[in-house]
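The exercises below concern helix packing, chain contact, backbone geometry and confidence. Work through each task with the structure open, and then compare your steps with the solution.

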Amino acid sequence: MIDIQANLPALIVVIPLLGGVMATFTGRGVLPWAWASLVTGATFALTLRMMATLLQSGAPYISYELGNWPRWWGIEYRVDLLNAFILLVVAGVGFITTLYARESVGDEIPKDRHNVFYAVWILAITGLLGITITGDAFNVYVLLEISSLTVYALIAMGKDRDRRALTASLRYLILGSVGASFILLGIGYLMMVTGTLNMEDMHNQLMRLANLDTNRTVLVAFAFLLVGLSLKMALYPLHMWLPKAYTYAPSAVSALLAATATKVGVYMAFRFLFGIFGVGFSFYAMPSHLILLAMASLGIVFSSLAAIRQHNAKTLLAYSSVGQIGYIVAGFSLANPDGVAGSIVHIFNHAVTKGGMFLALGAIAYRVGGTEIADLRGLARRMPLTCGALALGGLGLIGFPLTAGFVSKWYLVKGAFGADMWGLAVVVLFGSLLALVYVWKLIEAMFFGEPTGRTAEAKEAPLSMLIPIWILVGLSIYFGVDATFTGETATRAAAGLLGGAP
Amino acid sequence: MTGTELPLLAMAVPAIGAILIGVFGRWPNVRELVTVLTSVTLLGVVLQILPLALADDFWSTTWSAEPLVLLEMLPGIPLTLKIEPLGMIYALIASSLWILNSLYSVGYMRGNKEKHQTRFYMCFALAIASVMGIAFSGNVFTLFVFYEVLSVSTYPLVAHKGTPEAVRSARVYLGILVGTSVGLLLPAIIATYFFTGTVDFQPGGVFQAALADESLTAPALGVLFFMYMYGIGKAALMPMHRWLPAAMVAPTPVSALLHAVAVVKAGVFSVVKVIIYIFGTTSLVSAGQGEWLIYVAGATILIASCIALFQDNLKRRLAYSTVSQLSYITIAASLLSPLGYMAAAIHIAAHAFGKITLFFAAGSIYTAAHKTNISQLDGIGRKMPWTMGAFAVGSLSMIGVPPTAGFISKWYLLSGAWETGYTFVIVVVLLSTLLNAGYFLPIVWRAFFRAPPEETHHASMSHADGNFGDPHDHGHGAKDHGHDDHGDHGEAPLPIVFALTCTAAGTIVLFFFPDIALGLAEQIYRGLPLP
């Protein structure tokens, strides 16, 4: 009998990995979905248990050596508060979107491909979880490829609704591969210098270098990683792959990606910049905080402006996501406790808010057949619960008090004050006002428009969709009203990152 | 029982009322009965709190007690509720006028056959719940949270008619209110927390320590003061006043209670509260900051009055009058003297009674005669004597003529200006009194002493000029009344007339019995640290 408790970190990856492969053999009908729900549900339960174990143990981290190989030879999985938190987000959102997917996927994807869809879907989640849990730099790359390749496939599966999904997927494939190869190169150069792939070991070896700040190999590695990671997390102006990919992907996939994929990219940046290179090198010796802050600020402003111009609600939310990544990046590049905490807490807050909103749009696509803003006109009369969720999520994007978005903004602005970056505070708040404009485009259409065409005959979304939507939106409200758990976890995780622990 | 949990009850009553209104939405009679009962219950609760705020040992007992923590929203920053005399005045006015306004709403909404009435009553109750939250907020963070909830919960009320024009105006409304509060007020609050480590209200202010150890310089304090004053967009300080005329597109009960009392008073209440309990007289005076507010508020008073002179739409004229009157409160507080604070507190009450009467009258005219413009009001006082009589009383209070409440606040304001030596304020008050008379008295004169117009079939006149009447709705109303728009109409429905008579009477009663308002105003004064 396997000891679950002792092997918890490994199981979080192994169970969905095997479960995903096995999903291929589940045949047709409702079985693929049921299997996927079971696997993602079990994984979510494991991440919950992981978090509880970590909190109870009181230790700064839990280390697990795969196959009992010593960590400088083999692969180490290491869970601290930061990645336990991110694991919870990825597995939780993964589970909730899987529950939601039944009707939506049934509508958007041909019946004979459901088993393949769910297999790829579970593997994508596996990849994201693996990146988050591993303490080995090369393992990050391997799992990054697993998640990337599966995500390309998932996006392309939107082709039965709109052929443009294929080009969107290809575009992401090209840019994503460039990003991944940059990351691989960066890891390779780091290994040349340090002779190890274990993150903690890498950090220690780097710190031992006398000429760290001038070592060309290290500098090249840093540059490759910075660009590669920025591509993966869709930091402006390397976000070009994202809007189309989110727009044409199947609805459930858009929600999963928006909530988790770019967030895991940010997590990788945490590990590399804070963990491996260390705060001193990344943010003081190198001017990366200036570059990142500038890109993040430009991203917040320009992608919010782009969002305002969109006619498709999904594209609008996609551009909004690019802007929200700007907040997250701006937060951690301040490299002070409030800023980093704001960044971490916003990963969670944005995941539940935007995830919920994409799910709501999926429900609208299911009932109305499209997500053009014209399709939303007057929809609140027909689908009050779905539109209500979309509106509440929108308030969260603006950062209204009593929504989770407000909590993030509080930390970010306070962090900006603490770092004497008044300009950033202005950008963050200006971003909120731009968000007000694009969210209000949706709200006015839904609540004050006159329904026409299919909108006029639409019915409220089925319960199987409404419940997941409202779980996510409800969480975004709950953690806006009482942010003690998220706030404290993020603050502690931020302290860990700034302390330099990998 | 110390009574510290009563403010929570005051918030819970309208919030529960909103839920019940939603539950009973299908039965209009029950729904409206629930509204009225909720408002009466709320006044009962608020009256329970009143003795605590008036007690002689208020500052040493109720104020010193631990605040009621609603919940800890961010680590270290809880939402708290606390009884405080200025908030008491605000809560008392909002809750007592809500009863009359509910009666009035029943008459108005039915008389005009408005749609979405359940949503209307629900949002209204929610707005009142957030008003209670603002009035009893224990720290500026709580105040901010409920301030924003108030903006959002009143948005559907402003956009109520759903016409493109209503939606556009509501966009201006929300855009300015949220824009100023998120863009200026929120960073100001975060900066306050950053510099002082607290967001609690304290008589005398919170910045003294930060100023003393020079972590906060005087110019920085000035910037913060500016951010607070313009961040509170609901106080309608020019040029942030545009949302208020825009909000007039709402049904009249909304304009009456929310945009003459609850929402705008949330603004000036926050201004006064921030000046007294966040900045404090000493800090502002010693840092030499904030004097500009006197001049900006003075300019707002005069400019808004001048604009009001040229408005033909009655509600729009009232809106600009409100902009001007709000700055009376701001200017009084910005004198930074005890008499000024008292004037501000009393004017919050005095203006509320007067202005709600005027709005009730405007809505009454719209319901009975479907008229929205002043030029159409010739001789209407003969058909609607109660309405126009009340209107006259309200006008007198705006001008500040005894025996109306407006006189008392003006008296204190002038005394405060005299005491502090600001001749500018005295001049502004005198000029504005003339202007007030100039834009209110002609309406009264026209209504009572001009002959009604000849019977012309110009049913579409108000249609063309009435910016605030929904054209469709109006056409519908005109059809009901046939073509005798200018002909046979009497007084408005009984609930409307009853409500506006009560508020007009209240304006006069407040002149003869100002004890409660004065008592609470003095209580604020007693709490201030000795100079």
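**Exercise 1. Decide how α12(B) and α18(B) are oriented relative to each other, and describe their contact.**

Solution. The two helices, α12(B) and α18(B), are roughly parallel to each other, where angles under 35 degrees count as roughly parallel, over 145 as roughly antiparallel, 65 to 115 as roughly perpendicular and the rest as oblique. The step behind this is that the axes of α12(B) and α18(B) cross at roughly 15° and come within 9 Å; axes are lines fitted to C-alpha atoms, for helices over the stretch in contact, and angles run from 0 to 180 degrees between N-to-C directions. The crossing of α12(B) and α18(B) is left-handed, meaning that the near helix is turned anticlockwise from the far one by less than a right angle, with clockwise giving a right-handed crossing. On the α12(B) side the contact includes B:Ile294, B:Gly298 and B:Ile301, and on the α18(B) side it includes B:Phe424, B:Val425 and B:Val428, with contact defined by C-beta atoms, placed from the backbone, that lie within 7 Å. By class, the residues of this contact divide into 12 nonpolar, five polar and no charged, where Ala, Val, Leu, Ile, Met, Phe, Trp, Tyr, Cys and Pro count as nonpolar, Asp, Glu, Lys and Arg as charged, and the others, Gly among them, as polar.

The model is predicted, so local features need pLDDT of at least 70 and side-chain atom pairs count only at pLDDT 80 or more, whereas totals for chains, interfaces and linings use all residues. Residues are numbered from 1 along each chain as its sequence is written, and chains are lettered from A and ligands numbered from 1 in the order in which they are written. Helices (H or I, at least four residues) and strands (E, at least two) are DSSP runs, numbered from the N terminus.

**Exercise 2. State how α16(B) packs against α18(B), and give the classes of the residues in contact.**

Solution. First, the axes of helix α16 (residues 385-399) of chain B and helix α18 (residues 423-449) of chain B come within 9 Å and cross at roughly 170°. The two helices α16(B) and α18(B) are therefore roughly antiparallel to each other. Next, the residues that meet include B:Met388, B:Phe391 and B:Ala392 in α16(B), and B:Phe440, B:Leu441 and B:Val444 in α18(B). Finally, this contact of α16(B) with α18(B) has 11 nonpolar, three polar and no charged residues.

**Exercise 3. Carry out the analysis for α12(A) and α13(A).**

Solution. Helix α12 (residues 288-309) of chain A packs against helix α13 (residues 313-333) of chain A at an angle of about 155°, and their axes are 8 Å apart. That makes α12(A) roughly antiparallel to α13(A). The crossing in which α12(A) passes α13(A) is left-handed. Among the residues that meet are A:His289 and A:Leu292 in α12(A) and A:Val329 and A:Ala330 in α13(A), and the contact has 13 nonpolar, nine polar and no charged residues.

**Exercise 4. Describe the side of chain B that touches chain A.**

Solution. The contact takes 22 residues from chain B and 23 residues from chain A. Elements giving two or more residues to the chain B side are β1 (68-74), α5 (140-158) and α6 (164-196) of chain B, and α6(B) gives the most, with 11 residues. By class, this side has 16 nonpolar, three polar and three charged residues.

**Exercise 5. Judge the confidence of chain B.**

Solution. The mean pLDDT of chain B is 84, and 93% of its residues reach 70 or more, pLDDT being the predictor's confidence in each residue, from 0 to 100. Among the elements of chain B, helix α19 (residues 461-465) has the lowest mean pLDDT (40) and helix α12 (residues 292-309) the highest (91). Over residues 457-486 of chain B the pLDDT is below 50. Where pLDDT is low, the predicted coordinates should not be read in detail.

Terms used: Two residues are in contact if their C-beta atoms, placed from the backbone, lie within 7 Å.
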